[in-house]
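User: I'd like to learn how to read salt bridges in a protein model. Could you walk me through some?

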Amino acid sequence: MLKAVILIGGPQKGTRFRPLSFEVPKPLFPVAGVPMIQHHIEACAQVPGMQEILLIGFYQPDEPLTRFLEAAQQEFNLPIRYLQEFAPLGTGGGLYHFRDQILAGGPEAFFVLNADVCSDFPLSAMLDVHRHQPHPFLLLGTTANRTQSLNYGCIVENPQTHEVLHYVEKPSTFVSDIINCGIYLFSPEALKPLRDVFQRNQQDGQLEDSSGLWPGAGTIRLEQDVFSALAGQGQIYVHLTDGIWSQIKSAGSALYASRLYLSQYQLTHPERLAKHMPGGPRIRGNVYIHPTAKVAPSAVLGPNVSIGEGVTIGEGVRLRESIVLHGATLQEHTCVLHSIVGWGSTVGRWARVEGTPNDPNPNDPRAHMDSESLFKDGKLLPAITILGCRVRIPAEVLILNSIVLPHKELSRSFTNQIIL
């Protein structure tokens with residue numbers, strides 16, 4: 001018997017995913033046509049022996065999340081529950097807080113997946129490794145180039161046994177080109193070190209506050225508090241993958257993840273990819289079109305385009321490397337490149353909405369998408385263009401490398417700006 005836990009986090013100040021996260025919890029943001037965490041759930045549901053999937057986070061259980069969970073349970077015929085934290089507890093605090101729910105029924109092991117990663121999720125391969133040589137912690141790792149490795153948790157392994165000898169979260173200097181993918185397989189014994197961290201936090205807190213239980217004791221960081229502390233003690237091992245992987249921290253990385261998933265659909269879900277049909281729009285490369293979308297036959301779509309529910313695409317529209325969210329309208333002869341068009345937004349005739357791609361080096365197979373901040377030295381960095389919810393772009397306007405907050409109606413062109 002197996003279980004899976006998906007860590008979905010919660011709303012935070014200054015998130016790099018705004019303004020997209022204003023309208024929907026980030027884990028439900030559509031990537032390649034389906035909510036971000038549906039990719040995780042699909043992968044978990046395919047593992048033989050999977051009995052339950054738990055989502056842990058501190059989002060309020062609102063209508064979109066509840067509706068998604070109900071639909072997912074029916075589609076995958078699995079119990080899928082959301083466990084809400086009373087406060088942000090870190091990547092490990094929620095696991096310890098809900099340990100009874102995780103261990104109920106006596107699973108032999110449980111997967112732990114961060115919601116903000118894109119991957120082909122080689123869970124069955126990880127399970128084979130675990131069953132061949134069980135250990136409390138098995139981490140999924142991949143390789144990155146020397147510069148990009150500084151942005152992730154870095155793993156030094158024994159190349160013969162794959163034991164993790166050293167772990168450093170976002171080091172200041174180069175440590176290793178093996179990075180942590182945020183996908184794990186834990187034995188039930190893995191919760192014991194989390195208990196030790198909790199008790200240590202509680203003792204440290206009581207030294208400062210003699211009133212009783214320190215509220216910060218429940219905050220546990222898997223990476224710093226557990227992996228770094230236990231590395232080299234024969235408890236943590238790594239399984240390397242050469243499959244697709246990327247983080248989804250910013251809107252730009254969501255576009256990159258959409259590209260990866262659309263490519264993966266050729267193997268996993270070919271039915272989700274649009275095909276060029278006589279009398280239909282011209283399809284170039286991998287494109288997802290929701291069945292309810294209306295697309296004019298003279299439109300040219302792709303590569304790497306995702307079109308959501310109820311979208312209207314007019315005559316002569318050119319759409320490339322973009323996500324168009326449900327209810328949006330692209331009027332005749334608009335051009336949308338490297339952009340995300342928000343829910344219910346309208347782009348007028350002959351308007352151009354364009355961003356600057358910030359992709360990994362295609363000649364470096366170990367390069368991954370950088371999730372950079374929106375600003376550097378007080379200036380907006382060149383990035384994809386994001387139109388928030390119900391934005392109206394008039395005809396013959398150019399929007400380049402800009403972020404338009406929700407419910408705005410523009411009257412002129414903008415470049416490298418945030419339109420408030």
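Analyst: Happy to! Let's begin with one side chain: arginine 349 is partly exposed at 38% relative accessibility, where partly exposed lies between buried (under 20% relative accessible area) and exposed (over 50%), using a 1.4 Å probe and protein chains only. The model is predicted, so local features need pLDDT of at least 70 and side-chain atom pairs pLDDT 80 or more, while totals for chains, interfaces and linings use all residues. Residues are numbered from 1 along each chain as its sequence is written, and side-chain values use heavy atoms, without hydrogens and water.

User: Which residue meets arginine 349 in a salt bridge?

Analyst: In general, side chains of opposite charge can pair when their charged atoms come close. Here the partner is glutamate 332, at 3.8 Å from N to O; the definition asks for a side-chain nitrogen of Lys or Arg within 4 Å of a carboxyl oxygen of Asp or Glu. Glutamate 332 is also partly exposed, at 33%.

User: How many salt bridges are there in the whole structure?

Analyst: A search finds 11. One of them joins glutamate 52 and lysine 3 at 3.0 Å, linking strand E4 (residues 50-57) to strand E1 (residues 2-9) across 49 residues; strands are DSSP runs of at least two residues, and helices (H or I) of at least four, numbered from the N terminus.

User: Are glutamate 52 and lysine 3 buried or exposed?

Analyst: Both are buried. Together with Arg81, Lys3 and Glu52 form a salt-bridge network.
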